[in-house]
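This briefing gathers some notes on strand pairing and on the packing of nonpolar side chains. The structure comes first, and the notes follow by topic.

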Amino acid sequence: MGVGKHIASETFTVGGYQWAIYFYPDGKNPEDNSAYVSVFIALASEGTDVRALFELTLLDQSGKGKHKVHSHFDRSLESGPYTLKYRGSMW
């Protein structure tokens, strides 16, 4: 698809907020040089300082492999949830 081009999920509701998943098969930024994929969760509704706990996982097409991409739970508990500041914020 090219660097910076993405596929977006339909929006979905969790915790009273709308969210979407963005997948960049060739990476989000030119410095990724198409060597990485990028996956983000994004706040799709209005809100400020929305706190979220999440885990993103990729599953290969055969369904046999599971690869954790990112998890809030890898952070120390003292760090707390991620905070998304405004509509369109991604992590």
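**Strand pairing and core**

Strand 3 and strand 4 run antiparallel to one another and are paired over six bridges, in what is a predicted model. One of the residue pairs that can be named here joins Phe23 to Val39, its bridge partner in strand 4.

**Other partners of strand 3**

- Strand 1, which covers residues 7-8, pairs with strand 3 (residues 17-24) in the antiparallel sense over two bridges, and Ala8 has Tyr22 of strand 3 as its bridge partner.
- Strand 2, made up of residues 12-14, is likewise paired with strand 3 in the antiparallel sense, here over three bridges, and the bridge partner of Phe12 in strand 3 is Trp19.
- The hairpin formed by strand 2 and strand 3 has two residues between the strands, and within this hairpin Gly15 adopts a positive phi near 65°.

**The nonpolar core**

- The largest nonpolar core consists of ten residues, namely Trp19, Val39, Ile41, Leu43, Val50, Ala52, Phe54, Leu56, Tyr82 and Leu84.
- Two or more residues of this core are given by each of strand 4 (38-43), strand 5 (50-52) and strand 8 (82-84), with strand 4 providing the largest share, three residues.
- In soluble globular proteins, nonpolar side chains tend to be buried together.

**Surroundings of Ile41**

- When neighbours within four places in sequence are left aside, Ile41 is in contact with Trp19, Ala20, Ile21, Phe54, Leu56, Leu84, Ser89, Met90 and Trp91.

Terms used:
Residues are numbered from 1 along each chain as its sequence is written. This is a predicted model: local features need pLDDT of at least 70, side-chain atom pairs count only at pLDDT 80 or more; totals for chains, interfaces and linings use all residues. Side-chain values use heavy atoms; hydrogens and water are left out. A nonpolar core is a set of buried Ala, Val, Leu, Ile, Met, Phe, Trp, Tyr and Cys residues joined through side-chain atoms within 4.5 Å. Buried means under 20% relative accessible area, exposed over 50%, partly exposed in between (1.4 Å probe, protein chains only). Helices (H or I, at least four residues) and strands (E, at least two) are DSSP runs, numbered from the N terminus. Contact means heavy atoms within 4.5 Å. Two strands pair if DSSP finds at least two bridges between them.
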